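Let's take a walk through this model together, one region at a time. Have the structure open and turn it as you read.

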Amino acid sequence: MPVVKKQDGWYWGSKGPFATKQKAIQVGQAAHASGFREESMEKNIVGEFIGTLLHSATLAHIKHLQALGEGSYATHQALGQYYEDIVELADTLAEAVQGITGTIIDGYPEVFGNTPSAPLEYLKSLQSYVQKYREDMPTASEIQNEIDNIANLINSTIYKLTFLR
């Protein structure tokens, strides 16, 4: 497990606080010496790995939209292909890991969208977000039409999560 510094001291994983980094390391070494297995840490590593890949799609998509200058068309195209393909590959990997281990990956970092709410709650919050902030977007009808398409996708997903059980 990682040793990290927080405001109240040093931690080995969730154990701590300890006064010094060396003490946190010693606690970890003692745990390993007594047979500690990092099964939960392995799940976190898998979740972090999959989450990073999924998050890379968003970051690549942003870079795809920002491509300018010499070679920008090639950059735009390459990143477009990447963000379209990486989500499916990460999904396939996650399903394979879950199939081979017989457990659901639950170690996705919150920074990668591992929201603490249930999917329906999350979609409802996203629905409210779109409704609230669409007025701050450009008012051209074609822009608002695209936002309508996004709102329709969210609404349809809420319907499916609510009624198609």
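This is a predicted model: local features need pLDDT of at least 70, side-chain atom pairs count only at pLDDT 80 or more; totals for chains, interfaces and linings use all residues.

Residues are numbered from 1 along each chain as its sequence is written, and side-chain values use heavy atoms, with hydrogens and water left out.

Start with strands E1 (residues 3-6) and E2 (residues 9-12), which pair in the antiparallel sense over 4 bridges. Strands here are DSSP runs of E with at least two residues, helices are runs of H or I with at least four, and both are numbered from the N terminus; two strands pair if DSSP finds at least two bridges between them. With 2 residues between them, E1 and E2 form a hairpin. Val-4 has Tyr-11 in E2 as its bridge partner. Tyr-11 also has the charged end of Lys-6 over its ring, 4.5 Å from the centre (the rule is NZ of Lys or CZ of Arg within 6 Å of the ring centre and within 35 degrees of the ring normal).

Now look for the largest nonpolar core, made up of 7 residues: Leu-120, Leu-123, Val-130, Ile-147, Ala-151, Ile-154 and Ile-158. Such a core is a set of buried Ala, Val, Leu, Ile, Met, Phe, Trp, Tyr and Cys residues joined through side-chain atoms within 4.5 Å. Buried means under 20% relative accessible area, exposed over 50%, and partly exposed in between (1.4 Å probe, protein chains only). Helices H4 (119-133) and H5 each supply at least two residues of this core, and the largest share, 4 residues, comes from H5. A second, separate core of 5 residues includes Trp-10, Trp-12, Phe-18 and Ala-24.

Gln-144 is in helix H5 (residues 141-163). Is Gln-144 buried or exposed? Gln-144 counts as buried because its relative accessibility is 16%. Its side chain makes a polar contact with the side chain of Arg-134 (2.9 Å).

Finally, the structure holds 2 aromatic pairs. Tyr-129 and Tyr-133 form a tilted pair, 4.8 Å centre to centre with 45 degrees between the planes. Tyr-129 is partly exposed at 48% relative accessibility, and Tyr-133 is partly exposed at 36%. The rings of Tyr-159 and Phe-163 have centres 5.6 Å apart and planes at 40 degrees, so this pair is tilted.

Terms used. A polar contact is a pair of N or O atoms within 3.5 Å; within protein, one must be able to donate a hydrogen and the other to accept it, and residues adjacent in sequence count only if both atoms are side-chain atoms. Rings of Phe, Tyr and Trp (its six-membered ring) pair if their centres lie within 6.5 Å; planes under 30 degrees apart count as stacked, over 60 as edge-to-face and the rest as tilted.
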